[in-house]
Amino acid sequence: MKNFIQSLPKAELHLHIEGSLEPELLFELAQRNNIDIPYSSIEELRSAYNFNNLQEFLDIYYAGAAVLIEEQDFYDLTWAYLTKIHSQNVVHTEIFFDPQTHTERGISFETTIKGIYQALKDGEEKLGITSHLIVSFLRHLPEEAAFKTLEESLPFRDWIAGFGLDSSEKGNPPSKFERVFKKVKELGLKVVAHAGEEGPADYVWEAIQLLQVDRIDHGNNALHDNKLIEVLVEKQIALTVCPLSNEKLQVVPELSNHPIRTMLEKGLLATVNSDDPAYFGGYINENFEALVNGINLKKEEIKQLAINSFKASFLSESLKNKWIEKIQRLD
Ligand code: ADE
Ligand code: ZN
């Protein structure tokens with residue numbers, strides 16, 4: 001099965017570039033930038049990666065991002081991710097970055113996006129990986145801060161496919177950001193939002209009705225609401241599901257309880273993604289392998305999930321079809 005997973009061309013649609021910061025690079029950047037970190041070794045840092053919930057993870061994830069200072073650091077981070085997914089036969093990726101994590105520390109929007117974007121361009125040229133960039137608003141911050149970030153992004157509009165919403169979900173519903181996403185839509189950009197990871201199905205409704213999302217990131221709790229499932233299926237609004245993340249953040253008790261088969265059976269456009277691979281123990285192939293081990297995911301299901309990753313992407317119809325036909329020929 002491992003070889004089969006490897007052989008499939010795949011798209012990744014839910015990846016926080018700051019969450020791909022491996023401990024080795026984190027230590028290297030800390031040294032390069034003269035930043036003190038409260039861990040004496042890579043092993044000690046890795047052993048801190050145990051989380052009871054989303055917030056415990058976010059605290060460590062934001063602390064880790066503090067080693068990113070120069071444009072070159074953002075380039076190196078993104079390039080490391082691209083070479084890794086190249087080895088796993090990911091041919092297209094749509095990545096998030098969290099500019100507010102950096103602007104709050106005095107690192108400009110321009111510095112972050114230039115480093116990330118240059119690496120994405122090189123990824124296309126040298127590795128043949130196509131990509132889109134999604135700017136994510138931090139939902140624990142006020143609406144005005146999101147408006148400010150949108151403003152800062154305007155000079156780079158041509159580099160940006162859309163906007164997303166992430167960070168601490170509970171208590172920060174999509175409705176808090178209705179007005180800023182209205183602006184995003186007016187600019188003709190895509191909209192995605194984390195919803196139903198820890199928050200209730202109501203937040204998924206809000207993301208659809210108030211933000212008019214093109215995709216839902218996670219969406220696990222949508223399964224508690226049959227009417228909502230009907231709408232997601234009818235509109236074919238994709239769910240970007242992240243199995244290892246769900247396990248590590250205790251969104252599911254164990255991978256043997258993972259609902260991705262139920263999602264497929266209900267006709268939902270579910271996809272497999274790695275979310276924050278450096279923190280959750282694996283990139284996209286390890287996420288597929290975890291589902292094989294956890295719920296005995298079958299070849300046909302794996303194939304469907306790979307096809308879904310292209311269907312749900314922001315690629316052109318002709319590129320989607322090219323990859324889907326390629327997958328259909330494999331067995
Ligand atoms: N930021 C990075 N990973 C996240 C996740 N899984 N949920 C919400 N915000 C995030
Ligand atoms: Zn995420």
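Contact is defined here as heavy atoms within 4.5 Å. The structure is a predicted model, in which local features need pLDDT of at least 70 and side-chain atom pairs count only at pLDDT 80 or more, whereas totals for chains, interfaces and linings use all residues. Residues are numbered from 1 along each chain as its sequence is written, and side-chain values use heavy atoms, with hydrogens and water left out.

Asp 225 touches Ala 201 and Trp 205, residues up to four places away in sequence not being counted. Asp 225 is placed in the loop between S6 and H11 (helices, H or I, of at least four residues and strands, E, of at least two are DSSP runs, numbered from the N terminus). Asp 225 is buried (under 20% relative accessible area, 1.4 Å probe, protein chains only). The side chain of Asp 225 does reach the backbone nitrogen of Lys 227 at 3.1 Å and that of Leu 228 at 3.0 Å.

Seven of the nine residues of helix H10 (residues 201–209) are buried, so this helix is largely enclosed by the rest of the structure. The cover of its buried residues includes strand S5 (190–195), strand S6 (215–218) and helix H11 (226–234).

The zinc ion (ligand 2) has His 14 (NE2), His 16 (NE2), His 194 (NE2) and Asp 275 (OD) as protein donors, at 2.0 to 2.2 Å (donors are N, O and S atoms within 2.8 Å of the metal, or 3.2 Å for Na, K and Ca). His 16 lies in strand S1 (residues 10–16) and Asp 275 in the loop between strand S8 (270–272) and helix H14 (277–280), so the pair ties together parts 259 residues apart in sequence. Both His 16 and Asp 275 are buried.

Note on methods: Chains lettered and ligands numbered in written order. Buried < 20%, exposed > 50% of the residue type's maximum accessible area, 1.4 Å probe, protein only. Lys, Arg positive; Asp, Glu negative; His and termini not counted. Salt bridge = Lys/Arg side-chain N within 4 Å of Asp/Glu carboxyl O. Polar contact = N/O pair within 3.5 Å; in protein donor to acceptor, adjacent residues only side chain to side chain.
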